[in-house]
Amino acid sequence: MISFACHCDHPFEVPDDKAGSLIQCPACGRLNDVPLLSDLPNLVEDGTYKLDEPVAAEPGRLDEARKVYSPTRFDQFGAEIDLRGTVSGQPDDGPIDLAYESHDRPSPPKYDPITGELLRPVEVKPESPLDRLRKPLPLSKRPKKRQAIEYLARVQTLELFVMLLRPMNLIVMILIGLLHVFYFATLVVTVFGMIFIIAAWLFSLAIIVSHFVVVIEETGPICQDELPRPMRNVSMYDDIWHPFFSLGLAFLVCFSPALAALLSGLPSSVAIPLAGLLGIVGAFFGPAVLLTTATSGNLMNLRPDRIFGIIRVLGAHYFVMLLALWTGAIVYAMGFLGLHQSLWDMFTAPSMIGPRMFWQSWSLGVPLLLAGIYLLHYVGWLFGQTYRVYQPQFPWIFQGRRGDLESENRPPAPSRGFDVLPIRRAPPSHK
């Protein structure tokens, strides 16, 4: 039998097989642990255990525990506590340098936390002088006028024309040329009565028109230094509808007043000069409006004061963009419309053929179309480079820094310029 007492001095006697179990005191209701058989020699009559000898008090134990387990890293005098070990265990030896702090030791190996593979350093190819020339301007906060003008002066001269002649860029322009061949072939088949081919004809036209706006997006916000392939990601929205909508919206904003003047019912002696004047004004604002619809990502940036702000920021460079845009557009339109007229002449009776312009022939239409394709790719790339240099100064809303030109004062933004919220940066830690 195991005999012991509760804390209220109520005696218990239980069989040996109850050792280590619980029993409730009928007097005070407290649960008591039944002692083990090995604990019976050390058990006192009042239910407590005897100690062999009292524990000696250690001087300074409380101060040491307060220093080690304190939630702060400063002692009562305000001095920083160094918890790193020492060589001999004495505080006057100073802390031991870690492996990565020692200059005469190699850095420790690093392993992948998931696979456990040893991570080996990767050799980086040294930067060539040509890469440094093509690298975007390292702007810290806002681009300086002199740097921007020097950078864009290189782009406007032979450098960008030479970059368009790279093999990958030539392949892209050849594919666009073949897409024009497919467009004219489906047009001829549709004219001959196969109306069901009209879907392929319209689809090829949408790809051609959208591609030139995609060039602005790729070389501007996405910061690519090569031409995008037609249907770059095979996305109906990102690669066809969004660029097509951006170009169509820019055309309506610029030329809808001129079209309204022509359809207003005014006498032709008034309507035609008025429409021509409004068309010239719309053509002047064309580059700023197209740059806004293609890259800003928000229709509120089409407000007139923000369009004027873009022209003010670009200064003389805006007239270069204006000249490049309408030169490329006119050359491309002459070749495109000239080939349409040439195809029409092939299937029309000679008596129905009226007077034609000099460029409405195969001999001039094809070279003009090829030159227009080349020039419009140059225009798209020029617009993209202009965005990358001047975007921090544009009076746009809901914008952040993106790409290679980083700014400390603006948060990063998605590639398509959707609305972003400011990011709070964590304060630097002080050791």
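Counting disulfides, taken as pairs of cysteine sulfur atoms within 2.5 Å, gives zero here. Buried here stands for under 20% relative accessible area, exposed for over 50%, and partly exposed for anything in between, using a 1.4 Å probe and protein chains only. The model is a predicted one, where local features need pLDDT of at least 70 and side-chain atom pairs count only at pLDDT 80 or more, while totals for chains, interfaces and linings use all residues. Residues are numbered from 1 along each chain as its sequence is written, and side-chain values use heavy atoms, with hydrogens and water left out.

Now for the inside. A nonpolar core is a set of buried Ala, Val, Leu, Ile, Met, Phe, Trp, Tyr and Cys residues joined through side-chain atoms within 4.5 Å. The largest one holds 40 residues, and Leu-227, Val-289, Leu-314, Phe-383 and Phe-394 touch the most other members. Among the elements giving two or more residues to this core are helix 3 (145-163), helix 4 (167-191), helix 10 (316-346) and helix 11 (362-390). Helix 11 puts in the largest share, eight residues. Helices (H or I, at least four residues) and strands (E, at least two) are DSSP runs, numbered from the N terminus. A separate core of 19 residues includes Tyr-183, Ala-206, Ile-208 and Ile-240. As for Phe-394, setting aside neighbours within four places in sequence, its contacts (heavy atoms within 4.5 Å) are Leu-291, Ile-310, Val-313 and Leu-314.

Helix 5 runs for 22 residues and spans 32 Å from first C-alpha to last, close to the expected 32 Å, which is 1.5 Å times one less than its number of residues. Along the way, helix 5 bends by about 30° at His-211, going by the angle between axes fitted to the seven residues ending there and the seven starting there.

Strand 1 (residues 2-5) and strand 2 (residues 11-14) pair antiparallel over four bridges, where pairing takes at least two DSSP bridges. Ser-3 faces Glu-13 across the pair. Five residues link the strands, and Asp-9 in this hairpin has a positive phi near 70°.
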